[in-house]
Structures are given as structure tokens and as C-alpha cells.
Amino acid sequence: MKLTIGYLYPDLFDLYGDRGNVRCLYKRLQWRGIGAEVVPFLSGSKIDFSAVDILCWGGGSDRSQELAAGYLREIRRDFREYVEADGVVLAVCAAFQLLGEYYKTESGMVEGLGILDIRTRWEPGRLVGNVVLESPLFRAPVVGFENHAGRTCIGNHTPLGKVLFGHGNTGQDGCEGVVYRNVIGTYLHGPLLPKNPEVCDFLLERALKRKYGGNIALEELGDLWENRAKSRILERYGGRPEFGPGEKRKVPEFGPGEKRKVQEFVSGEKHEAQEFVSGEKHGAQGFVSGEKHGTQGFRLGKKRGMREPGPGKKRKNKPGKRNEGRGTEERMKKGLEKRGLNGNNMERR
């Protein structure tokens with residue numbers, strides 16, 4: 001088996017790291033031993049939609065949307081046929097907007113593909129922040145990060161989910177994204193798929209079933225660290241209601257009366273402060289390579305000056321270049337006398 005992942009207009013829609021969604025799809029196929037190919041379609045290039053199994057389209061600026069409008073008119077008919085034939089699409093932010101009829105910007109109007117009956121208008125005040133939503137398509141909540149000035153009305157279409165925390169499509173209706181056939185449109189960056197492996201696998205399964213038929217069930221992957229990272233987001237934001245317009249949202253670091261240990265993860269396991277995801281331990285300035293360094297160590301692993309003291313121990317400063325000018329004259333004299341030196345001539349008594 002093999003899937004071809006099309007990456008639409010990466011030269012125009014390249015904001016917010018949404019290319020990570022393409023990478024995630026590719027790697028999760030590769031880890032399962034399924035063939036994968038990524039084909040970028042630059043603006044103006046011809047697209048054979050019949051050769052595409054999944055189409056990824058990312059976020060971009062208003063200017064990028066204006067530039068893309070002409071190219072979209074050329075592919076509108078083929079794009080619509082692909083969607084109606086259950087082609088799999090992930091459209092994020094600007095791409096989500098352009099699936100609809102139009103995007104009314106601050107200075108003009110950008111024509112969309114008109115595939116979905118949705119409309120977007122610009123409003124002052126960007127909707128920015130973390131988002132948690134509940135979707136009937138997935139067992140776990142979906143998380144991401146939004147940053148948009150457009151307010152998208154999806155009409156009678158089905159939303160991707162109900163907003164538990166954040167703003168969503170309009171900041172008012174409590175909905176986020178849209179789902180139509182095998183299309184997911186959303187404002188969620190992050191990138192979305194690495195943060196939500198279940199969403200990634202949903203798209204892959206839909207594409208495999210469309211291409212090969214039958215009941216295809218993907219092999220389970222560990223997703224240990226993905227789920228731990230997601231749990232931290234849910235621990236902080238999950239389930240807290242959005243405040244009304246004009247009200248300030250307070251996002252406490254911890255719950256009422258709750259104290260969290262710095263080195264404790266959601267799973268309850270304790271780690272040293274310098275332990276990375278790989279499980280390697282490092283000094284205070286240690287890097288993923290596993291080399292140990294002093295507190296002021298360089299990236300190349302060279303040691304400089306004093307090491308960081310152990311837990312509960314105080315650092316004892318010793319005279320030298322690192323402490324020049326740091327103490328009072330009296331303290332310096334006492335230090336010299338303690339070592340049998342005369343503060344006037346710096347000679348041994």
C-alpha cells in the first residue's frame with residue numbers, strides 16, 4: 001500500500017509551521033511500513049487530483065490569499081470533483097477560509113473556491129490562544145493554537161467540534177472548524193496533527209479506505225510522548241469555559257491550592273530537571289547529545305568555571321576571575337588573610 005500526500009501552494013501558505021502536518025502524515029505511514037510520497041504543488045502548477053490521496057493546505061497571510069485567488073479559479077472545478085469523490089483534505093486557517101465562498105478582508109474581498117457554503121469576514125481584534133475542543137469523531141479532546149482575525153460562519157455545515165476552551169470560528173457560536181465528507185477545515189495550528197495523533201490516523205484511514213476499500217484498521221503506535229504533551233495542555237486548559245465578550249480570561253498555572261512539582265509529568269513519574277524526552281540525563285546546560293557540562297558549559301561540551309552544586313547544597317564562591325568586583329573590600333581582605341596573604345603586597349606572610 002502507498003499514499004500520495006499533496007502539499008498545496010507551500011510557497012504562499014507557509015505560516016505557523018503547518019508543514020508539520022505533512023511530515024506527520026508521512027512519518028505515521030512510514031512507521032507502519034506503508035509507502036508514502038509527498039508532492040508539493042507550487043502556485044500555478046498543474047494538479048492531477050486523481051493521483052492525490054490526501055491534500056494538505058496550510059495557513060497564510062491575507063496577501064497570500066489574494067495572490068492565490070487567481071490560481072484557485074483554475075483548479076476550482078477539479079478540486080470540487082475531488083472533494084465530492086471523497087478525496088481527503090486538511091485545510092488549516094487561511095485554507096479553511098478559502099474552501100468557502102469568500103473572505104472579506106479589511107481592505108477588500110478574496111474569492112474562495114465555493115466548495116463549502118461558508119463565509120468569512122475580517123473583524124478587528126485577533127482571536128489568539130490555545131484551543132481545546134470536543135469532537136464526536138474522536139475519543140480524546142482535540143487541542144491546538146488559533147491566531148486569526150477572520151470570523152467564519154459555517155451555516156448548516158457540521159463543525160469539527162465544540163469549543164471547551166478558546167474562541168473557535170467566530171468567538172461567539174462555540175464551534176470550531178468544519179467537517180464535510182472527508183474534508184476537515186480548522187483554525188487549529190500547533191501543528192494540528194503532531195499534537196493530535198488520532199486526527200492524523202483518522203485522515204490516513206479515510207484515504208486508505210478510499211483507495212483500497214475494505215475495513216482497514218491502522219496498527220496502533222505508542223504515541224507515549226505525544227499523549228503526554230497533550231495531557232499537559234488539557235491539564236492546563238481543558239474544560240475551562242470561555243469568557244464572554246470583553247471579559248478577561250484568567251489562565252492559572254495551577255488549580256486552586258494545587259502545587260505542581262517542576263520535574264513531575266502528568267503520568268506521575270518524576271524526572272531530573274535536565275532529563276529530556278529520550279531519557280538521557282544531562283548537566284544544567286546539557287544537550288540532547290548526552291554530554292555533561294558544567295553550569296556555564298558551552299554547547300560543545302567544554303567546562304568553564306564552577307559546576308552547579310547538588311540538591312540542597314550552597315555554592316561556595318572561591319576567589320578568582322569569576323568573582324572580581326563582586327564582594328566588598330572588607331570581605332576580600334578577610335579572604336586574603338585567611339589564605340595567609342597580605343592585602344597590600346599579595347605576598348605570603
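# Reading the cores, strands and loops of a predicted model

Me: Which residues have the most contacts inside the largest nonpolar core?
Reply: This is a predicted model. Its largest nonpolar core has 67 residues, and those with the most contacts inside it are L25, L55, W57, F79 and L193.

Me: Take L55. What is L55 in contact with, leaving aside its neighbours within four places in sequence?
Reply: L55 touches G6, L8, F41, F49, F79, Y82, V88, V89 and L90. F79 is also on the list of residues with the most contacts inside the largest core.

Me: Where is the second core?
Reply: A separate core of five residues includes V143, F165, I233 and Y237.

Me: How should I read the side chains along a strand?
Reply: In a regular strand the side chains alternate between the two faces of the sheet. Strand 3 covers residues 54–57; there I54 and C56 point one way, L55 and W57 point the other way, and all are buried.

Me: Which strands pair with strand 3, and in which sense, parallel or antiparallel?
Reply: Strand 1, residues 2–8, pairs with strand 3 in the parallel sense over four bridges. Strand 4, residues 88–92, also runs parallel to strand 3, and four bridges join the two.

Me: Which residues stand opposite each other there?
Reply: L8 has W57 in strand 3 as its bridge partner. On the strand 4 side, L55 stands opposite V89. Both L8 and V89 are among the contacts of L55.

Me: What about strand 9? Which strands does it pair with?
Reply: Strand 9, residues 161–165, pairs with strand 7, residues 119–134, in the antiparallel sense over three bridges. Strand 9 is also joined to strand 10, residues 175–176, by two bridges, again antiparallel.

Me: Which residues of helix 1 are buried?
Reply: They are G20, N21, V22, C24, L25, R28 and L29.

Me: Where is the cis peptide bond?
Reply: The bond from G190 to P191 is cis, with omega near -5°. P191 sits in the loop between strand 12, residues 183–186, and helix 4, residues 192–195.

Me: What can be said of G155?
Reply: G155 is in the loop between strand 8, residues 142–153, and strand 9. G155 counts as partly exposed because its relative accessible area is 49%. The C-alpha atoms of G155 and V178 are separated by 10.0 Å, and the two residues are 23 apart along the chain.

Me: How do I describe the chain as a whole?
Reply: Start with the secondary structure, which comes to seven helices and 12 strands. Of the 349 residues, 40% count as buried. The accessible surface is about 19900 Å², and 50% of it belongs to carbon and sulfur atoms. Among contacts with a separation of 6 or more, 61% come from residues 24 or more positions apart.

Me: How confident is the predictor?
Reply: The chain averages a pLDDT of 79, and 68% of the residues score at least 70. Over residues 320–326 the pLDDT stays under 50, and the model has five contacts for them beyond four places in sequence. Residues 343–349 are also below 50, and this stretch has 13 contacts beyond near neighbours in sequence.

Notes
Residues numbered from 1 in each chain as written. Predicted model: local features only at pLDDT ≥ 70, side-chain atom pairs only at ≥ 80, totals over all residues. Heavy atoms only, no water. pLDDT = per-residue confidence, 0-100. Contact = heavy atoms within 4.5 Å. Buried < 20%, exposed > 50% of the residue type's maximum accessible area, 1.4 Å probe, protein only. Pairing = 2+ DSSP bridges. Areas by Shrake-Rupley, 256 points an atom, 1.4 Å probe, with all protein chains shown as cover. Core = buried A, V, L, I, M, F, W, Y, C linked by side-chain atoms within 4.5 Å.
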